[in-house]
Amino acid sequence: MRVTMAERDIRTVTELVRRLEGIGVQTSVSQLGRLIDGKTKLFNPEIIEGLMAVLDCDLDGILSNTQP
């Protein structure tokens, strides 16, 4: 997902959290960081949908770069 973030000029997890909050999706920097780094097996559907909206990509654009 960091590749997708970089392609969208989103440089930090904090910036991504702010963009998610801008569309009404609440998450923490640490929770989102674990998701981005592939250190979690739990995927909150609201966060995934928010990421697809903010990053303007499909599920593959998120998960293909999330797997360790």
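Colleague: What do the buried residues of H2 pack against?
Modeller: They pack against H1, H3 and H4. Bear in mind that this is a predicted model.

Colleague: Good to know. Which residues of H2 are buried, then?
Modeller: Val-13, Leu-16, Val-17 and Leu-20 are the buried ones in H2. They sit on the same side of H2, because the arc they cover around the axis is only 100°.

Colleague: Why would residues three or four places apart point the same way?
Modeller: An α-helix has 3.6 residues a turn, so residues with that spacing point the same way.

Colleague: And what exposed residues are on the face of H2 turned away from its buried side?
Modeller: Arg-18 and Gly-22, both exposed, are carried on that face.

Colleague: What follows H2?
Modeller: Gly-24 comes after H2, and the phi of Gly-24 is positive, near 90°.

Colleague: Back to the packing. At what angle do H2 and H4 pack?
Modeller: The angle between H2 and H4 is about 100°, and their axes are 10 Å apart. Angles of 65 to 115 degrees count as roughly perpendicular, so that is how H2 and H4 lie to each other.

Colleague: Which residues make that contact?
Modeller: H2 contributes Leu-16, Arg-19 and Leu-20, while H4 brings in Gly-50, Leu-51, Val-54 and Leu-55. Sorted by class, the contact of H2 with H4 has five nonpolar residues, one polar and one charged. Two of the H2 residues in the contact, Leu-16 and Leu-20, also belong to the buried set of H2.

Colleague: Let's move to H3. Which of its residues are buried?
Modeller: In H3 the buried residues are Leu-32, Gly-33, Leu-35 and Ile-36. These residues are on the same side of H3, since they cover an arc of only 160° around the axis.

Colleague: What covers them?
Modeller: The cover for the buried residues of H3 includes H1, H2 and H4.

Colleague: I keep hearing Leu-51. Where does that one turn up?
Modeller: Leu-51 is part of the contact of H4 with H2, and Leu-51 is also part of the contact of H4 with H3.

Colleague: What's just after H3?
Modeller: Gly-38 is there, and it takes a positive phi of about 70°.

Colleague: New topic: how many salt bridges does the count come to?
Modeller: The count comes to four. One of them joins the side chains of Arg-2 and Asp-37, at 3.1 Å from N to O. That pair links distant parts of the chain, 35 residues apart: Arg-2 is in H1, and Asp-37 is in the loop between H3 and H4.

Colleague: Which partner does Glu-7 meet in a salt bridge?
Modeller: The partner of Glu-7 is Arg-8, with 3.3 Å from N to O. Glu-7 is exposed, with a relative accessible area of 58%, whereas Arg-8 is partly exposed at 28%.

Colleague: And what about Arg-11?
Modeller: Arg-11 forms a salt bridge with Asp-9, and their closest N and O atoms are 3.0 Å apart. Arg-11 is exposed at 68% relative accessible area, and Asp-9 is partly exposed at 44%.

Colleague: Last one for today: where is Asp-56?
Modeller: Asp-56 is in the loop between H4 and H5. Its relative accessible area is 65%, so Asp-56 is exposed.

Colleague: What does Asp-56 contact beyond its neighbours within four places in sequence?
Modeller: With those left aside, Asp-56 is in contact with Arg-8 and Leu-51. Asp-56 and Asp-9 are 47 residues apart in sequence, and in space their C-alpha atoms are 12 Å apart.

Technical notes. Residues are numbered from 1 along each chain as its sequence is written. This is a predicted model: local features need pLDDT of at least 70, side-chain atom pairs count only at pLDDT 80 or more; totals for chains, interfaces and linings use all residues. Side-chain values use heavy atoms; hydrogens and water are left out. Helices (H or I, at least four residues) and strands (E, at least two) are DSSP runs, numbered from the N terminus. Buried means under 20% relative accessible area, exposed over 50%, partly exposed in between (1.4 Å probe, protein chains only). The arc is that of the directions from the helix axis to the C-beta atoms. Contact means heavy atoms within 4.5 Å. Axes are lines fitted to C-alpha atoms, for helices over the stretch in contact, and angles run from 0 to 180 degrees between N-to-C directions. Angles under 35 degrees count as roughly parallel, over 145 as roughly antiparallel, 65 to 115 as roughly perpendicular and the rest as oblique. Ala, Val, Leu, Ile, Met, Phe, Trp, Tyr, Cys and Pro count as nonpolar, Asp, Glu, Lys and Arg as charged, and the others, Gly among them, as polar.
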